[in-house]
Amino acid sequence: MSKQAAKQANSSKPDAARRAFLKGLGLAGAGAAAAPAWGGETFLDALGDLFQKHYQQMTPEEVQEALERIERRAQRQLGVDINCKATPPQAGVVFGYAINISKCKGYRDCVTACVKENNLGRDSQVEYIRVLEMEQGTMDLEHSEHYYAPEEVPQEGKYYLPVQCMQCDDPPCVKACPVEATWMEQDGIVVVDYDWCIGCRYCMTACPYWARHFNWTEPEVPPEEINPDTHYLGNRPRSKGVVEKCHFCIHRTREGRLPACLEACPTGARVFGNLLDPDSDIRYVLENKTVFRLKEELGTEPKFWYYTDG
Amino acid sequence: MAIKALVPWMALPRSSRVMLLIVLLAGAQWAGAQEADSVAQSPMPAVVPRAEPLKFAPCEQCHQFLQTNSEVRTLMAPHVRELAHGDGRIWCLNCHGGENHAGLVTLLGEAASFEDGHEVCGGCHARRYRDWRFGAHGKRADSWQGERTVYGCTHCHDPHNPALAPRAPEPPPPVRKGLDRPEPQRESRQPAWAGGGAESAP
């Protein structure tokens, strides 16, 4: 019914609009078995989504059902076979990250790799990593530039500072969330349950690192470019209206693999490992290099360090 | 305080003072050796094999008939003509063993295969070598846990021209539809040590 027709119906016959509405409701009920009435879901899956609990309160069977629903939805809506998993954290592991800013040249290969790996919307301005172009000799984040696009990097007199989620050990974003849709896992990764997030964006305001991003539009990824290796708390397909962030490639790192940004870095500036293992690469960096953390004075205890050669 | 501390030192007979000095120096030497040992005794990471086979190896194809000429000169193709590595301080035979055509030679004169290039590089770049060996330089392959597997030096660096060349960056982040890209705040910010403070003082 067009707007004008509806207006007319409203003014002339008070109950016409109500009748049309009731008719529509009846049709929707009748078409329950057909797909489109439930937003591209089957009736049972829509019901399952509606009654889905918070990730931390689900039984293993319920998690399994949720994962299967996610896989079916991807198949129906995107036509892609994905494998969604809920790999638990490994015992005795807390992840840490370090970046050598003497080595970072600002190529942004990490950003591109991250977008592909994590099924980020290609046009939605959501990028987990921002590489800041900084004046040499300054630490002034306010005057950094992350839209830089010269013909060649590194530029004279600049250095490059990649910023992403610092996986704080005392995360302000978690405290800000009114519905507990975000929390820190045992291995130190701060995760989001996209089905529990209400999109209020309080966490984005609380984060001092601009690490959280809101999906203002439905993230659009060409079906052939979708990474089928997904995790419930990580890179599974998201919808419009939820907040997301870097999760240290949870689907890779919990299985022992390295984050996609590290794998893509052509200069070897990125170091990742287990903070609890005294023989790990990250521990060598922390114990033998001069390291610093961004905005350390805020007391959020980031598990993300920067260091330089020398 | 320092003078007081020196009094027992001065009170010692000359021979004892010399002895004590020797002991102290030996201690320092020993500490340095301990650090070197910690590098030597740590498990050597597995190194990812070369991706591309060498183009002209084995060198014997030509060199079994040629005399080794150790005179520093410009070489013919297929050898590298311009050696950007070391700004003229080193020459081919510092790394390519003269008589040992099958491989490389370290600074100490030990033979090393082309797969062990890092041992040759480490001869001069000792601190980089240490960082590479423990994970602060270079790149790990495959996994963050278990036995370390790392990329060797020549995986990223051309040994004849080791600096990585500048290149174009990947595209900047997109700007959401309907919005303009924010103008960068470009007021000049001088480093703290770049003066200004001294001149403004009367």
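**Overview of the predicted model**

Chain A has 10 helices and 12 strands in this model, which is predicted. Of the 310 residues of chain A, 40% count as buried. When contacts in chain A between residues at least 6 apart in sequence are considered, 63% of them join residues at least 24 apart.

- Helix 5 of chain A spans residues 109-117, and its buried residues are C110(A), V111(A), A113(A), C114(A), V115(A) and E117(A).
- The cover over these buried residues of helix 5 includes strand 3 (130-135), strand 4 (158-163) and helix 9 (260-264), which belong to chain A.
- After helix 5 of chain A comes N119(A), a residue whose phi is positive, near 50°.
- The largest nonpolar core has 69 residues, and those with the most contacts inside it are A98(A), C110(A), C114(A), I129(A), C261(A), F272(A) and V285(A); helix 5 of chain A gives the most to this core, contributing five residues.
- C110(A), if its neighbours within four places in sequence are left aside, is in contact with I129(A), P162(A), C261(A), A264(A) and C265(A).

**The pairing of helix 3 with helix 4 in chain A**

- Helix 3 (residues 43-50) and helix 4 (residues 60-78) of chain A have axes that come within 11 Å of each other and cross at roughly 130°.
- Because the axes cross at roughly 130°, helix 3 of chain A is oblique to helix 4 of chain A.
- The crossing in which helix 3 of chain A passes helix 4 of chain A is left-handed.
- On the helix 3 side of chain A, D45(A), G48(A) and D49(A) take part in the contact, and they meet E65(A), R69(A), R72(A) and R73(A) in helix 4 of chain A.
- Sorted by class, this contact of helix 3 with helix 4 of chain A has no nonpolar residues, one polar residue and six charged residues.

**Contact between chains A and B**

- Between the two chains, 29 residues of chain B are in contact with 40 residues of chain A.
- The side of chain B that touches chain A has, by class, 15 nonpolar, seven polar and seven charged residues.

Methods. Residues are numbered from 1 along each chain as its sequence is written. Chains are lettered from A and ligands numbered from 1 in the order in which they are written. This is a predicted model: local features need pLDDT of at least 70, side-chain atom pairs count only at pLDDT 80 or more; totals for chains, interfaces and linings use all residues. Helices (H or I, at least four residues) and strands (E, at least two) are DSSP runs, numbered from the N terminus. A residue is buried if 20 or more other C-beta atoms lie within 10 Å of its own, exposed if 12 or fewer, and partly exposed in between; C-beta atoms are placed from the backbone. Two residues are in contact if their C-beta atoms, placed from the backbone, lie within 7 Å. Ala, Val, Leu, Ile, Met, Phe, Trp, Tyr, Cys and Pro count as nonpolar, Asp, Glu, Lys and Arg as charged, and the others, Gly among them, as polar. A nonpolar core is a set of buried Ala, Val, Leu, Ile, Met, Phe, Trp, Tyr and Cys residues joined through C-beta atoms within 7 Å. Axes are lines fitted to C-alpha atoms, for helices over the stretch in contact, and angles run from 0 to 180 degrees between N-to-C directions. Angles under 35 degrees count as roughly parallel, over 145 as roughly antiparallel, 65 to 115 as roughly perpendicular and the rest as oblique. A crossing is left-handed if the near helix is turned anticlockwise from the far one by less than a right angle, and right-handed if clockwise.
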